[in-house]
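Here are my notes on the model, point by point. Please read them with the structure open.

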Amino acid sequence: MNEEPVFPPLLNGIAVAPGTDTARMATAAAMAGEAGAGDLYWSQSEDRLNMAVVLEPDVPLSRAVQVRHVLAVAFGDAFGAISPPEIGIHYRWPGDILVNGARAGAITLDVPAGLAADDEPQWMVLGLDVAITLDLSVENPGELPDRTTLHEEGAGEVTRTMLLESVSRHFLTWIDGWMNEGFKGVHENWLGRAMGSDEDITVSHAGITVSGRVTGMDEEGNLLFTPADKPVQAFALVETVEGHA
């Protein structure tokens, strides 16, 4: 059994029942005015890390959406601190977490509906879901060759509580750096682990799926992507959020 996690002082941990979608619960609470900045909903499921943190940014949406990349790099550091060093972590646009080349989880971002890029969101919900072990009640090994779990890739000692505590600490460190020093550090770290910089990959963006190479990222966190035999395209990070009325 996992022990109860201990969170840094700036985060208020809220346990929810196993199998609960924490991002959905946190979004509903934020919309109802029942959740505020620093509330972190976490699932008591032990086979996966499922968490969602409520944020109240005081910057325009066009900049606030960079927190999606902030959580990605925080996860990379957090997992690296508690796992064997030979396990490779990469990111795939817009929010996939890849472990040794296969998808193990994803980051989501929910905001109020109808926001323009220069509007300040009253709230944001940043979600993270990562498979730690295989749930044999719903999946069989080998059925999804492009999916994996942390234990399947050699991180058998990692538990939900270990990962949750590590992600929480590293997220606060990265969010503080982002707020005070800007996006540069996040930009460099995310791009350094971006899948598709040296090989063709398929990504989905704003309802389309396209194959090509990751060319880079601009200073706002938008992806620069070059489809085969076509000019470079800019995929706006603000277009990857889910708006809720």
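**Notes on strands and rings**

1. E1, helix H1 (residues 22–31) and E2 form a β-α-β unit, and the unit is right-handed. The model is predicted.

2. The two strands of that unit are E1 (residues 12–16) and E2 (residues 39–43). They pair in the parallel sense, over five bridges. Ile14 stands opposite Tyr41 in E2.

3. Now the rings. A pair of aromatic rings is described by the distance of the centres and the angle of the planes. With centres required to lie within 6.5 Å, the count comes to four aromatic pairs. One of them is Phe75 with Phe79, a stacked pair at 5.9 Å centre to centre, with 5° between the planes. Both residues lie in helix H3 (residues 67–82). They are four residues apart, about one turn of the helix. Phe75 is buried, and so is Phe79.

4. The rings of Tyr91 and Trp190 have centres 6.0 Å apart and planes at 25°. Planes under 30 degrees apart count as stacked, so this pair is stacked. Tyr91 lies in strand E4 (residues 89–92), and Trp190 lies in helix H5 (residues 184–192). The pair therefore ties together parts that are 99 residues apart in sequence.

5. Are Tyr91 and Trp190 buried or exposed? The cut-off for buried is under 20% relative accessible area. Tyr91 has 1%, so Tyr91 is buried. Trp190 is at 2% relative accessibility and therefore counts as buried.

6. One charge contact belongs here too. The charged end of Arg63 sits over the ring of Trp178, 4.4 Å from the ring centre.

Key. Residues are numbered from 1 along each chain as its sequence is written. This is a predicted model: local features need pLDDT of at least 70, side-chain atom pairs count only at pLDDT 80 or more; totals for chains, interfaces and linings use all residues. Side-chain values use heavy atoms; hydrogens and water are left out. Rings of Phe, Tyr and Trp (its six-membered ring) pair if their centres lie within 6.5 Å; planes under 30 degrees apart count as stacked, over 60 as edge-to-face and the rest as tilted. Buried means under 20% relative accessible area, exposed over 50%, partly exposed in between (1.4 Å probe, protein chains only). A charge sits over a ring if NZ of Lys or CZ of Arg is within 6 Å of the ring centre and within 35 degrees of the ring normal. Two strands pair if DSSP finds at least two bridges between them. A crossover is right-handed if, with the strands pointing away from the viewer, the path from the first strand over the helix to the second runs clockwise.
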